[in-house]
Amino acid sequence: RAVAMSVSHSSRLNKLVREQYVRLPQDGLVQVTYVWIDGSGEGVRCKTRTLDKEPKSIEDVPEWNFDGSSTAQAEGSNSDMFLVPVRMFRDPFCLDPNKLVLCEVLKYNRKPAETNLRHTCKKVMDLVKDSHPWFGMEQEYTLLGINGHPYGWPDNGFPGPQGPYYCGVGADKVYGRDIVESHYKACLYAGVKICGTNAEVMPSQWEFQVGPCEGIEMGDHLWMARFILHRVCEDFGVVATLDPKPMTGNWNGAGCHTNYSTEEMRREGGLKHIEAAIEKLSKRHDYHICVYDPRGGRDNSRRLTGHHETSNIFEFSAGVANRGASIRIPRQVGQDGYGYFEDRRPAANCDPYAVTEAIMRTTVLNETGVETKDYGDH
């Protein structure tokens, strides 16, 4: 007897029928899908319009607006929000010449919306551009059936304990590889700087990596990779959750480990600059924990327990090749004496703009304490 999978109704529609329409010529007209972060700080929204010619750069994409009262970003009495295009990608769903465009959200008075964390991140990245900060972020996520239960897990009960699933192969070890490989290809097509993927420690948990990206590019590319993930999952009828601890108990949580270096860290003798940066981070642990998930550390407190390859949320630690530390220096970097380090604290549902901005404020701009400095419009 075939087991009924918990997938959405729309995923059961005949996708071959859709193919017939996707291939129809557009006579020079272009579909542009505007993507933005909603009032939750975690969700993405999108809507599409027609332009009369293919935009060649972000400057060719006009501003637009949307109803902020329907995305928890505005009151109904003053609900128009501005969508300001900031980065353009190819559209892997409607195909060339159509585009996906990531947007910043501004309020009626042209001030950034509360969940527009890109705005201050961009200011900080402009200030530190001479240090050429590179980032690579490792996005862990969990596939769920439409019923909210991890995809492929038994309906009543649990799979066998963790061990065989990490980078696993075989129908009894990995669930949902079709989704993962489709997402990878879609990101490559779009121009997202995706650089790898693997099955994670908990069954139905996966990871993809984006980078290296310089400055503001990191947040832009990770957010678009997330949008593409949710959109691919929609086609397959399942849900991708970025919850940092989707299953309580003896199961790994989900993080967004952030690899970071400046130009001087990547040069011969860079280890001393890496160690100096880690020293600065050690004195500002509470501030970083606060911005490493959307709820001021409350989400991460379920994950950073000191178990399941995590550090304890209340303590800062660093070590070479230590996956139980807040900061890990890769063994190769320790041997070479230069390279990068990994901040293992950010939660899977972190805002990459907030994370990368915080790292720059502490390690390059030498901020201390829990307050941040306002640098104005430089």
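How much space lies in the largest cavity? The largest cavity holds about 80 Å³ of space, and the model in which it was computed is a predicted one. The largest pocket, in turn, contains about 620 Å³. The points below take up these spaces, then the nonpolar core, the cysteines and the backbone.

**Cavity**

- The lining of the largest cavity consists of I37, Q73, V86, L102, C103, E104, V105, T115, N116, R118 and Y353.
- Strand β5 (residues 99-106) supplies the largest share of that lining, with 4 residues.
- Sorted by class, the residues lining the largest cavity are 6 nonpolar, 3 polar and 2 charged.

**Largest pocket**

- The lining of the largest pocket comprises 34 residues, and those nearest the pocket centre are E138, E207, N259, R328 and E342.
- Two or more lining residues come from each of the elements β6 (134-144), β7 (194-199), β8 (205-214) and β10 (256-261).
- Strand β6 makes the greatest contribution to the lining of the largest pocket, namely 6 residues.
- By class, this pocket lining divides into 11 nonpolar, 12 polar and 11 charged residues.

**Nonpolar core**

- In soluble globular proteins, nonpolar side chains tend to be buried together.
- The largest nonpolar core has 72 residues, and Y141, L143, M224, I228 and F341 touch the most other members.
- Helix α4 (residues 217-236) provides the largest share of this core, 10 residues.
- Both domain 1 (10-114) and domain 2 (125-364) give at least three residues to this core.
- L229 is placed in helix α4, and this residue counts as buried because its relative accessibility is 1%.
- The C-alpha atom of L229 is separated by 32 Å from that of A318, and the two residues are 89 apart along the chain.

**Cysteines**

- A search of the whole structure returns 0 disulfides.
- C46 takes part in no disulfide, and its nearest cysteine sulfur, that of C94, is 9.9 Å away; a disulfide would require the two sulfur atoms to be within 2.5 Å.
- C46 is partly exposed, with a relative accessible area of 42%.
- C187 is likewise in no disulfide, its nearest cysteine sulfur being that of C195 at 11 Å.
- C187 counts as buried, at 0% relative accessibility.

**Backbone geometry**

- The peptide bond joining D96 and P97 is cis, with omega about 10°, and P97 is found in the loop between β4 (80-90) and β5.
- A cis peptide bond also runs from G211 to P212, where omega is near -5°; P212 belongs to strand β8.
- S204 is not a glycine, yet its phi is positive, at about 80°.
- The loop between β7 and β8 contains S204, which is buried at a relative accessible area of 3%.
- N366, also not a glycine, has a positive phi of about 60°.
- N366 lies in the segment after α10 (352-363) and is partly exposed, with a relative accessible area of 47%.

How values were computed. Residues numbered from 1 in each chain as written. Predicted model: local features only at pLDDT ≥ 70, side-chain atom pairs only at ≥ 80, totals over all residues. Heavy atoms only, no water. 1 Å grid on protein atoms, 1.4 Å probe; cavity = no way out; pocket = protein on both sides within 12 Å on 5 of 7 lines; lining within 4 Å. Points joined across faces, edges and corners; volume = space filled by probe spheres on them. Nonpolar A, V, L, I, M, F, W, Y, C, P; charged D, E, K, R; others polar. Buried < 20%, exposed > 50% of the residue type's maximum accessible area, 1.4 Å probe, protein only. Core = buried A, V, L, I, M, F, W, Y, C linked by side-chain atoms within 4.5 Å. Domains from an automatic or database assignment.
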